[in-house]
Amino acid sequence: MSIIELKYKDEFGKVNKTNKLYLIENKGIVDDLNYNIGKRQVSILFINSKKEIRKKDYRGLCIKKFYENILLEGIDGKLLNENQKFEIGNAIIQLKKVGKRCFDECVLIKEKEECILKYNVAFATVIKTGEIKVGDIVKKLFI
């Protein structure tokens with residue numbers, strides 16, 4: 001598993017691509033709009049899901065609003081479990097939620113279609129401060 005893209009949303013709501021992010025324990029990503037806000041400090045999406053979103057005309061409520069901090073390749077999001085820990089660069093994150101909840105007002109729910117974000121996204125907290133960069137290998141920890 002490796003990082004192929006990194007992003008953060010600034011205080012004005014603009015999503016910015018970057019080559020590195022600095023993660024702070026129990027707070028999240030420096031300069032990100034979600035810094036120091038609960039358990040969703042870091043959002044993760046998987047390249048296969050991103051390609052699927054680009055390929056289809058996704059009409060879901062969350063698709064246009066959602067942005068991932070980390071875009072990963074080399075793993076299927078459906079294989080992840082909550083509380084798994086990963087070392088990235090010199091930081092460590094812990095998955096707190098795998099999948100994103102759906103909203104009744106979403107057109108996909110109303111039409112009984114399944115949203116790709118329901119299973120193919122993860123949210124994590126930072127449990128060890130450090131820097132991560134595009135190209136970093138993501139290692140699953142067994143501790």
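Visitor: How many aromatic pairs does a search of the whole structure find? And which salt bridges are there, and where do they lie?

Guide: This is a predicted model. The search finds 0 aromatic pairs. A ring does take part in another contact: R40 lies over the face of F123, 4.0 Å from the ring centre.

The count of salt bridges comes to 5. One of them joins K7 and E68, whose closest N and O atoms are 3.1 Å apart. Because K7 lies in strand β1 and E68 in the loop between α1 and β6, this pair ties together parts 61 residues apart in sequence. K7 is buried, at 10% relative accessible area, and E68 is buried as well, at 2%. Both belong to a network of salt bridges that also includes E5 and K17.

Strand β1, where K7 lies, pairs with β2 in the antiparallel sense over 4 bridges. The bridge partner of L6 in β2 is T18. These strands belong to an open, mixed sheet of 8 strands, ordered β2-β1-β6-β5-β9-β8-β7-β11. β2 and β11 stand at the edges with a single partner strand each, so one side of each has no neighbour in the sheet.

E87 is in strand β7 and K139 in strand β11, 52 residues apart. E87 is partly exposed at 24% relative accessibility, and K139 is partly exposed at 45%.

E131 and K20 also meet in a salt bridge, at 3.9 Å from N to O. E131 lies in β10 and K20 in β3, so this pair ties together parts 111 residues apart in sequence.

Notes
Residues are numbered from 1 along each chain as its sequence is written. This is a predicted model: local features need pLDDT of at least 70, side-chain atom pairs count only at pLDDT 80 or more; totals for chains, interfaces and linings use all residues. Side-chain values use heavy atoms; hydrogens and water are left out. Two strands pair if DSSP finds at least two bridges between them. Helices (H or I, at least four residues) and strands (E, at least two) are DSSP runs, numbered from the N terminus. Rings of Phe, Tyr and Trp (its six-membered ring) pair if their centres lie within 6.5 Å; planes under 30 degrees apart count as stacked, over 60 as edge-to-face and the rest as tilted. A charge sits over a ring if NZ of Lys or CZ of Arg is within 6 Å of the ring centre and within 35 degrees of the ring normal. A salt bridge is a side-chain nitrogen of Lys or Arg within 4 Å of a carboxyl oxygen of Asp or Glu. Buried means under 20% relative accessible area, exposed over 50%, partly exposed in between (1.4 Å probe, protein chains only).
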